[in-house]
Amino acid sequence: MSQREYHIVVLGSGGVGKSCLTAQFVQNVWIESYDPTIEDSYRKLMEVDVSTSFVCTARDTLTSVLQQGRQVVLEILDTAGTEQFTAMRELYMKSGQGFLLVFSITSMSSLHELAELRDQIIRIKDDPRVPLVLVGNKSDLEEDRAVSRARAFAVSQGWGSPYYETSARRRANVDEVFKDLCRQIIRRDVELSRATDTDHREGRRRRDTQDRSRRRRRSNRSREHRCVIL
Amino acid sequence: MAAAKLQAPSRASTSSASSFTPVSRQNTMSSHDGSRSMRASKRYSVTALYLSMSAKEKDLEIEDDLARAQKALRELKARISSQSKKNFVLEKDVRYLDSRIALLIQNRMALEEQNEVANHLDEAAELQEGFFPNDEKTQKYGNLLFLLQSEPRHIAHLCRLVTLAEIDSLLQTVMFTIYGNQYESREEHLLLTMFQSVLTYQFDNTPDYSSLLRANTPVSRMMTTYTRRGPGQSYLKQVLAERINSLIELKDLDLEINPLKVYEKMVSEIEESQGTLPPNMPKGVTAEQAAENEKVQAIIAPRLTMLMEIANSFLSTIIAGLDETPYGIRWICKQIRSLSKRKYPDASDHTVCTLIGGFFFLRFINPAIVTPRSYMLIDGTPADNPKRTLTYIAKMLQNLANKPSYAKEPYMVKLQPFIQQNKERINKFMLDLCEVQDFYESLEMDNYVALSKKDLELSITLNEVYATHELLERHAAELAKDESSHLSVLLHELGSAPAQLPRKENRVINLPLFSKWETPLDDLTAALDITQEEVYFMEAKSTFVVIMRSLPANTPLTRRPLRLDRIAEAAATTRNDSVMVKKGIRSIELLSQLQELGVIDKSDGFALLRDEIEQELVHLGSMKDKVVEESRKLEEVYRTIRDHNSYLINQLETYKSYLHNVRGQSEGKTRKQQKHQVLGPYKFTHQQLEKEGVIQKSNVPENRRANIYFNFTSPLPGTFVISLHYKGRNRGLLELDLKLDDLLEMQKDNQEELDLEYVLFNVSKVLVLLNKRFTRKKGW
C-alpha cells in the first residue's frame, strides 16, 4: 500500500496560535507557555475519508486513488509569525502543497495580514486554486472577538476557500481543518494528474513552479552540451 | 564624563545601578520632578550644554588630534546615516521587482502591468535637489517638522492610527529622515521616546501576557526598521558575522537531529548503494520508531554535542558583546522590563526575561542568524546543511530565552543540557541588557541646545513631506482634537496636503527647522533649575578646557598641577590670536567672579575647579583612542553598506535592461523586426575573470590558465554567447548560449553556479559583467 506524502504549511501573524493548533492536531497537547516559533516540523499519519472527498471526481480517477490507499502522511511545517522572519517564507511556499492561513478572531489586523500571504502563495505556486483553508483561531475567546464570523466568511468566499473557526485550547474543529485541507490537496492532485493524462503538456505546465524551473534548468544543460564543439 | 555623554551618545554607561530608577516617564518634557536632581549629574549636563553650544561657534574651533578625529567620525556617521536610508529605499524597489520579474520570466504578465513595472523602474533614479515652491511653505513645513521632531508623541500617536499598509512609508520618513541622524543623541533619544510611547500603549492594550509583543504591529514594524539603522547593523556584523561565515564554509556538515529526517536519509542512502532495503528498515516509519532506531541514535549523538558547542559559542559571543550592544536596543529592553513589572507587579525575573527575549532574540538576533544574507552578514546564500544548522542555533537560543515546550518537537529535548547549563547565564545577560541610564536629562538639555541652534536642518524629499502632511490631515480628528494645540494651529495654517509628485518632479530639499513658538533661552538657569554660581563654574571649566586644548603640548603651562591664573594670563596675552585673547580675558573674569561668590579660593590654587579641569583633560586624552577605534569599526560598517548598495543598484539595472528587452520583443512581434546590431565579441582573460569573481572555480591547470581567454558576444538583445578559447587555436573549446531569462531565473532560485565544464561561473557576477559590457540604449 503506497503512502502519499503531503506538505502542509501553517502561516499567519505572530501569536495567533499556529503552533497551538498544530500541536493539538499532531500531539493532542495544549501548549500554555510563551514560546515563539522559528520553524518546527511535524509528521502525522491520517486516514482520509476518500468516499466523501471525491463525490465530484470522475469514476476512473476515483478508482486510481482508491488503489493508492487511504492513509496519507502529512508533513506539517509550522512557521514563524514574527515578521522579521519573512525572508524564509518564499521557500516554505515553494515546498508546500496546501496552506493553513491562520488568524486570531480577536485581532482584525491578523486577518488583514493574510491577504498578502495568499497573494504571495498564488504567485509562487502559479495556481489560483491552490489548496488553502482560512482559519479563525481562539474561538473560545468569544468575549474578545474583533472579527465577525460574517466578515471572515466573506473573505474566504472571495478566495474560494473554506473558512473554519477553531479553538486550539478546547480542541474544537482542529482535526476538521487539517482534514479539509488534506482533501483539497488530494483533489487537486487528482485533477492535475488527470490533466496530465488528457493533455500531457498542459498538465505539466500547471504543475508547481519548482518542477517547472527544474525542467528548465535541465533544458539549459542540454543546450549547453549541444553546443560543445571541442 | 560629561563629554562622553556628548560625544558618544549611543554608549551610555552601564555601571549605574545606583542611579537607576525604574520610574518610566511618558514624556520628556514633563520630567520636572524629584528624580532629576542629583547635583553632580546636572553639572555634567550643563557642561555638555556649554561644550556643545561652543562647538557650534565657528571662531572657537579647536584643531587638536581629538577634534580632528571627532570631525572625521562625525562625517562618517553622517555618511552611514544617509547611505542606510538609500539602501532602505532601494531594498523596497528590489523586493517589489523581485516578485514582478518572476512573473515576467514565466511570461505571465499582461502588457499593462509590464508598463507599470517599467514606470516604477524609470522612477528609481537619484533625486535632484530642489526647493519648496515658495518661502512661506518652507517656513510652515519647517515649523511643522520641528514640532514633529521635538515632540515625538504626535508621531507615536499617528503610528497607532495608521494601518499596517500605511506604516512603512511613515516609518521610512520617521526613522531615516526625521530622526535620520542615527548617531546624534538628540534625534536618537527623541526616537526612543516615541518608541516608549507606542510600547506603553501596546502593554496597556494587550489583554493577556502570552500575546504581548507577539503580533505584528506598528511597534514590531518599528523594531524591524530600527534594527536596520547603522548601530544595529554594525553590532550584528561584529557579533555574528565571523561565526556565521565560518559555519557556512562547512557545506557538508550535516547536523540534522530530527530522527525522522535522519532515518529517511539513511534509508535512501542504503537503497541507493545496495539497491534494496534490509527488511528491518522499512520506509515510512513514525517519529517514535525512527527515534528508537539505534543507528539513528548513533548518528544523532555526536551531532547533539556539536550543536551545543556551536550554540554555546554564539551565546558566549553575544554575552561578551554586552557593551557593544547599541544603547537604543538596550534601552528598549529596559522599557520592556519596567512596563511588564508595572503591568504584572508579581512577575518573576524569569517571566520578564522571557519578554525581553521576545524582543532581543526573536526580533533582533535570531532573524539575522536564520537569514544572514538579508542582514548583509554573508555574501551568498548558505547551502542546505549550514542553513539548517543556523536554524537550529536560532531555535536553541530562542528556547533558552523562553520556556521551551518540548511538546512541539519532542526530539529537541535532547538539547536540554544546553538550556540547563545556560539558563542562568542568559537571564543575567538579559537583565544586564536593561542596565542603561535613562536619557531624559540629557534630552532635555539637547532640546534646549536645539532651540538655540540657528542651523537645524532636515534633508527630506517633497514627497516625504507631503505624505506625512497627508497622514496627519487624514487623522487630524484624533491627533488635533484640541483646536488651540500647536499641531492644530500648524495644520490649519498649512491647509490641505498637496498630492504626491511624480518621481521625476520629486526633489530633495534642505528644510530649516525652527519653532514657531520661540522659547527664550535667557532664563536658562530657571529652566534647568540651577544657580548662577553653577553656570559660572561650568563656563569657567569649559573655557579652560578649550584653552588647554589649543595650547601647544609640552609648554610649562601644561604641567600639573595646573596654575589656572597663569594659564588665563597667558591666553589673554597671546599674540595674533584674538579668539584666544578673548577666552583668556573671559577666564580671568570668571576666576574672580567665582572667587567673589566663594566657590573657589585662590589660596588653594582654585583646587575645586582645577581638579575638575584636570580630570576632564585626562578623560579627553583617552577619548581620542576611543574615537579612533569607533571610526575604525564604523568604516567597516560603511563599507558593507556601500557594497550592499552597489549590489542593489546592479540588481535594479539588470531588471531594467531585462524589462526593456522583453517589451522590445513584444513590440517587435507587431511591428517590423527591429535592426539589431551584434555587440562584441569582448575578450576577457582567465585571470581577469578570476579577479572579478566571475570565475568561481577553475578546473584549468595553473600553468595553462594564461593561455585561456573568453569571448562574450551579444548577437541579439538579451542573448549572449560565451566562448572559451585556447591561445593559438582558431576554434573555441566550448561555446555557451545564454538567455538573460535563464540567468535571472537561476539567480532567483539561488542557483549560483553556471557550469562551463572547465570553469564554474558565478551567476550574479556574470550578470554584473554583462550589464557593464552590453548595456544597449533600449535593452540589451
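Trainee: What is the order of strands in the open sheet of chain A?

Mentor: This is a predicted model, where local features need pLDDT of at least 70, side-chain atom pairs count only at pLDDT 80 or more, and totals for chains, interfaces and linings use all residues. Residues are numbered from 1 along each chain as written, with chains lettered from A and ligands numbered from 1 in written order. Strands are DSSP runs of E, at least two residues, and helices runs of H or I, at least four, numbered from the N terminus; strands pair if DSSP finds at least two bridges between them. Pairing is mixed across the 6 strands, and the order is β2-β3-β1-β4-β5-β6.

Trainee: Which strands of chain A stand at the edges?

Mentor: Look for a single partner strand. One side is then left without a neighbour in the sheet, so the edges are β2 and β6 (163–165) of chain A.

Trainee: In β3(A), what is the bridge partner of Leu45(A)?

Mentor: β2(A) and β3 (residues 71–79) of chain A pair in the antiparallel sense over 9 bridges. Leu45(A) has as its partner Val73(A).

Trainee: What angle does α5(A) make with β4(A)?

Mentor: Axes are lines fitted to C-alpha atoms, for helices over the stretch in contact, and angles run from 0 to 180 degrees between N-to-C directions. α5(A) lies across β1, β4 and β5 of chain A. Its angle to β4(A) is about 165 degrees.

Trainee: How many residues does chain B bring to the contact with chain A?

Mentor: Residues are in contact if their C-beta atoms, placed from the backbone, lie within 7 Å. Chain A gives 42 residues; chain B gives 46 residues.

How values were computed:
Contact = placed C-beta atoms within 7 Å.
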